[in-house]
Structures are given as structure tokens and as C-alpha cells.
Amino acid sequence: ASASASASAPAPLVISNVYISDHSPKVLQQLRARVNKDTCIVSTFTDKDYNRSSMCLSGAPVAVTMSVLSVVQAALELVDYSEHKGNHPAIGAVDHINVHPLLPPKDLKIAEQTAREIGTQMSDKLKIPIYFYGAAHSGGRTLAKGRRDLGYFKSHKTNVLKEAKKLSPQPDMGPDTVDPTKGVAMVGACPHVINYNIPTDAKTIAQAKPVAEKIRSATGGLPGVQAMVLQNENGVEIACNLLEIDTAGPEEVRQAVAAACKEASIRMRDPYIIGMLPSKILEKTRGTLGLLPDGGGGGGGAGAD
């Protein structure tokens, strides 16, 4: 490419989702205040029954890294993982951070570098055991595999990682003994993931399990679909991560769930997406930070929901 073409190329942008094991609006408000002015707060989500919140941040890699670390540090001051109770699995006060490329949309290298930097700083400065996954892990470990190895999927029914003990498997970075107030964190880089949840009229988790098994890629379902069954005050829902949205996006999953629910003699209610699609995130990021499509423009403030 010519010098003029490279000079006009848009500066890279990334997305990071931070998952906090607390649902308090007061805590979330304080975490929002820790996001720097060069980072867009794309969206936030909180669920009382799950006792879990998430923040979606976007911007330049350095700005997002700084904001994520500031949010994590504040969360550790406000959330005691050893006291956590909720219907959603959790393995730390801030137990999951992912980084996705936003611009260029398919460039995982910048997402990998950002995730590695976040994990390194969390382990060095905040003394959190870090488990990398996706492109941030040298062996490409999946999020599901890392979680399974740590007992994540049973953590809301047991006291996983809530006592000081030597960790197995060994973390990629940070201390090898868990601090029960902090827990551990999984940090990864991957293509954009959509959190897609489908409520049902099932009365028990057992009733809806066959539906999750039908759509989950690990059990022969749709490509890139991770699914687990959870219960909240509104009933039983199938919570999905969609990892290959170009192949199995929300509509494909909705159709598969509808068919599986029919087989299981339960009814599917209206599905919902947590957060935004990448095109909408890019639009909001540019608007909030004052960025032009060619990468130019001035600064901006942290975005509102």
C-alpha cells in the first residue's frame, strides 16, 4: 500500500466486555465513573438473580486497556467474591474479560495484544491469577474448556475458589494461590461474541436441558454456539454465547431453539440480545469519541447507555 493510503487508514479500535460478580446499581455507577474520557461506554447490563453485571467498552486499544484496568481495580475494592451468591456461575469478583476487534473488524492481532496487556497488568499490579483463552492463549484454549477446568459451571452451587488454595490448572500469569476475595479471571481475544438469551416457560432447569444440548456446538448443535440453562425470577432461560455469528447468528439460533422447544414440549418466549451488534457499536463509538470514518476527529467523553 502507498504511504498516502496507509496514512489515511482508520486507527484500530477494540471492544472489551468486563463481567462483574455483583448486580448493585451503586457498584455499577462507581465502575462507570472509572472509565476514562477516551473510552466509549457502549452498554451495561445487570441481573439481580444472577448477581452479575457487565460493561461493554470500546475505543483505541491503549484507552480501553486503561479503562478496563481502572474498572477492575475499583471492582476489587467494592466486590468481595468470597461473599458472592447468585444463580449464574462465577469464579471471581471480575471473572471474565474479553477483547474483540472492532476496526479492522477481522484483525485479531490487535485484540490479542490488548488482552495480553490487560491480563499482564491484572496479574502484576492486582495479583489476580489469569487464565488466557482464544487468540490470547498460546494453545488457543477455548473459554468453555478453561471454565470447565476451573469448575465454573458448578460454581453457583458450590464454593469453588472461595478458599485460599493452590490453583489447578496452573494460571498463565499471576499468583498460583487464589485469594478468596478476588477469585480468578479469564481474559481472552476472539471474534465478536453475541450474548443471546432465550427465556422459556419450562418449570425446571431439567426440562430445558435437552434444548441447550440440541443447539450447543459441543453436543452436535450449531457451529460456535455455547449454551447453558439458568433460572431467574422470570423462569428458566437458555443463555448462549454466539461465537460464529456469520454462520450461526441470532436468527439461526432462534429457529433451532424454537424447533428444540417444540420437541421438548415447552414454549419459547421472546429472545433478547445483551449489548449491541458490531455495526451499532462502531457507530456509537465514532459518535461518542468524535471519530470520523477515516479515523480523524477530536476527542469525546465516555458514552451513556
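User: Which residue in E6 stands opposite Asn98?
Analyst: Gly188 in E6 is the residue opposite Asn98. Strands here are DSSP runs of E with at least two residues, helices are H or I runs of at least four, and both are numbered from the N terminus. The model is predicted: local features need pLDDT of at least 70 and side-chain atom pairs count only at pLDDT 80 or more, whereas totals for chains, interfaces and linings use all residues. Residues are numbered from 1 along each chain as its sequence is written, and side-chain values use heavy atoms, with hydrogens and water left out.

User: How many bridges join E4 to E6?
Analyst: Four bridges join strand E4 (residues 94–103) to strand E6 (residues 185–189), and the two run parallel. Strands count as paired if DSSP finds at least two bridges between them.

User: And what is the strand order of the sheet?
Analyst: The open sheet has six strands, ordered E2-E3-E1-E4-E6-E5, with mixed pairing. Strand E2 (39–47) and strand E5 (130–134) are its edges, each pairing on one side only.

User: Which strands does H3 lie across?
Analyst: H3 lies across strand E1 (13–20), E2, strand E3 (52–59) and E4, at about 10° to E1. Angles run from 0 to 180 degrees between N-to-C directions, with axes fitted to C-alpha atoms, for helices over the stretch in contact (heavy atoms within 4.5 Å).

User: Changing topic: how many residues has the largest nonpolar core?
Analyst: That core has 55 residues, and Ile97 and Met122 have the most contacts inside it. Helix H3 (residues 61–78) gives the most to this core, with seven residues. A nonpolar core is a set of buried Ala, Val, Leu, Ile, Met, Phe, Trp, Tyr and Cys residues joined through side-chain atoms within 4.5 Å.

User: What does Met122 touch?
Analyst: Leaving aside residues up to four places away in sequence, its contacts include Leu69, Val72, Ile97 and Val187.

User: Now salt bridges. What does Asp172 pair with?
Analyst: Asp172 pairs with Arg141, the closest N and O atoms being 2.5 Å apart. A salt bridge needs a side-chain nitrogen of Lys or Arg within 4 Å of a carboxyl oxygen of Asp or Glu.

User: Is Arg141 buried or exposed?
Analyst: Arg141 counts as buried because its relative accessibility is 15%. Asp172, at 34%, is partly exposed. Buried means under 20% relative accessible area, exposed over 50%, and partly exposed in between (1.4 Å probe, protein chains only).

User: Where does pLDDT stay under 50 with zero contacts beyond four places in sequence?
Analyst: That applies to residues 1–6. The chain mean is 92, on the predictor's per-residue confidence scale from 0 to 100.
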